[in-house]
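Hi everyone, thanks for coming along. I have one structure to share today, so let me put it up on the screen and talk you through it.

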Amino acid sequence: MSTLLITGGTVVSATGRTEADVLVDGEKVVAVLAPGSTLLGHDLTGSVDRVVDATGKYVIPGGIDAHTHFELPFGGTNASDTFETGTRAAAWGGTTSVIDFAVQRTGERVEDGLAAWHEKAAGSCAIDYGFHQIIGGVDEFSLKSMELLADEGITSYKLFMAYPGVFYSDDAQILKAMQKAADLGLLTMMHAENGPAIDVLAEQLYRQGKTTPYFHGVARAWQMEEEATHRAIMLADVTGAPLYVVHVSAKQAVEQLAAARDRGKNVFGETCPQYLYLSLEDQLGASSQEWGDLEGAKWVCSTPLRSREEGHQHAMWQGLRTNDLQMVSTDHCPFCMKDQKELGKGDFRAIPNGIGSIEHRMDLMYQGVVTGEISLERWVELTSTTPARMFGLYGTKGVIAPGADADVVVYDPNGHTSIGVGKTHHMNMDHSAWEGFEIDGHVDVVISRGEVLVSDGEYHGRAGHGSYLKRGLSQYLI
Ligand code: URP
Ligand code: ZN
Ligand code: ZN
């Protein structure tokens, strides 16, 4: 067991900041000490195996990205990051835990889907990983299988009101799953978009010759998200199940969440960096020499990017400040342009849905601190502490305190990060949705359970370091 001391930094938590040294023994934080404290001896720096100098820097709990899709079979192809490449990119960006989605579809056994996900991840991950369970086919068998999930450390599952014929559940299926979840204490995660209505609108647009990526955003109108969000809240209410709405992008959906929360309901919402920074007009409507108007396919995801003119991005930041939205995850679901996104050339409906951001979430959210959108403490809360509490990891993860896993990031507020392919890009993608973004900060050192994964611009991690996280029940419920 080796020891490590992080000295001279400002330790930031969800509730405050303090000048402190952090002592790590093996995989755990064992002490948070006043700088230069002699409590544990006069020459602590001389007696530990390694000293990390964090002078002038922030020392924060490692990021937890609670929404990723490594190797997801989707849109006629597979998401391009494996557990190995995706978790390595995550580590580069200061994320030390991920929660990915195991998949069950109609006619498949939940147990088989889960076993397949364990097989993909085991021995491959650079950082710790857990699973949510997608229930893509709610029937008597999958409902029964939900009873096994909590014992497996899977205390949240996802339903889809979108993607008919793929993962879609109708209202009767949702109601039954939520009733079961309420009994079991599971957290229902919801993709809230009215899929059947979207498919009609998409078909009509296509027939009118409106085939470019821009129309992906037109078909998936905010009304489709608001309506589904409202319906999900009502179904959850009638069953007593807590509800967590994923990838919220419409300001009207935030209003639905806020109204439910004001009524004291266990209703939560997550947004993603793409809904804070990117827009329907600028990205989905983009054109390039290489790809023509297929360029916009780089940003085809669901829910879609929304109109800046309509003010959705502003509303997302505000929701994060007011805690009407509680978390920021990436919904990391990367596809290359070549052979993947280009499947949708001439038909936006065939573009695989998803954006890759796992490497940049901590930086992109830190930029929100720089621009005054959120406080330093809120940054830590949104990216680490609340994800830990929401998904039953808090105490071990999401905080720097004695007894917690030594998942620690040293972040330099005087550093700089230029995002783009050929600069900082470790995701398995042939493009970056964040090309050209400049960040006024830098992930300097990344430590996962006491092992230094990144330091001095070098990667020291390894596939297989990451362990499976058996999660407890949500620690965030009212
Ligand atoms: O576009 C997205 N979000 N792709 C991943 C699947 C999902 O709906 O989360
Ligand atoms: Zn989704
Ligand atoms: Zn997703």
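The shell around ligand 1 divides by class into two nonpolar residues, six polar ones and one charged one. Please keep in mind as we go that this is a predicted model. So who sits in that shell? Three histidines are there, His69, His191 and His247. With them come Cys301, Ser302, Asp331, Cys333, Asn353 and Gly354.

Two of those names deserve a second look. Start with serine 302, which is joined to threonine 303 by a cis peptide bond, with omega at about 0°. Threonine 303 is in the loop between α11, residues 280-284, and α12, residues 312-322. The other name is aspartate 331, found in the loop between β15 and α13. What is the phi of aspartate 331 near? Its value is near 55°, which is positive in a residue other than glycine. For background, most residues other than glycine have a negative phi, and most peptide bonds are trans.

Now to the sheet. Here eight strands form an open sheet, and the pairing is parallel. If you want to trace the order on the screen, follow β6, β9, β10, β11, β12, β13, β14 and then β15. Which strands are at the edges? They are β6, at 63-68, and β15, at 327-328, and each of them pairs on one side only.

Let's zoom in on one pair of strands. Strand β13, residues 243-245, runs parallel to strand β14, residues 267-271, and three bridges join them. Valine 245, for instance, has glycine 269 in β14 as its bridge partner. Lying across β13 and β14 is α9, which runs at about 150° to β14.

That brings us to the helices, and α9 has a partner. Helix α8, residues 222-239, packs with helix α9, residues 251-262, at an angle of about 20°, and their axes are 8 Å apart. The two are therefore roughly parallel to each other. As for handedness, α8 passes α9 in a right-handed crossing. On the α8 side, the residues that meet α9 are Trp222, Glu225, Glu226, Thr229, His230 and Ile233. Facing them in α9 are Gln252, Ala253, Gln256, Leu257 and Ala260. By class, this contact of α8 with α9 has five nonpolar, four polar and two charged residues.

Helix α8 also packs with helix α5, residues 171-184. How far apart are the axes of α5 and α8? They are 9 Å apart, and the angle is about 45°. These two helices are therefore oblique to each other. Their crossing is right-handed. From α5, the contact uses Asp171, Ile174, Leu175, Met178, Gln179 and Ala182, while α8 brings Leu235, Ala236 and Thr239. Sorted by class, the contact of α5 with α8 has six nonpolar residues, two polar and one charged.

One last pair, and then I'll let you go. Helix α13, residues 361-370, and helix α14, residues 376-390, pack at about 150°, with axes 9 Å apart. Parallel or antiparallel, roughly speaking? At that angle α13 and α14 are therefore roughly antiparallel to each other.

Key
Residues are numbered from 1 along each chain as its sequence is written. Chains are lettered from A and ligands numbered from 1 in the order in which they are written. This is a predicted model: local features need pLDDT of at least 70, side-chain atom pairs count only at pLDDT 80 or more; totals for chains, interfaces and linings use all residues. A residue is near a molecule or strand if its C-beta atom, placed from the backbone, lies within 6 Å of it. Ala, Val, Leu, Ile, Met, Phe, Trp, Tyr, Cys and Pro count as nonpolar, Asp, Glu, Lys and Arg as charged, and the others, Gly among them, as polar. Axes are lines fitted to C-alpha atoms, for helices over the stretch in contact, and angles run from 0 to 180 degrees between N-to-C directions. Helices (H or I, at least four residues) and strands (E, at least two) are DSSP runs, numbered from the N terminus. Angles under 35 degrees count as roughly parallel, over 145 as roughly antiparallel, 65 to 115 as roughly perpendicular and the rest as oblique. A crossing is left-handed if the near helix is turned anticlockwise from the far one by less than a right angle, and right-handed if clockwise. Two residues are in contact if their C-beta atoms, placed from the backbone, lie within 7 Å. Two strands pair if DSSP finds at least two bridges between them.
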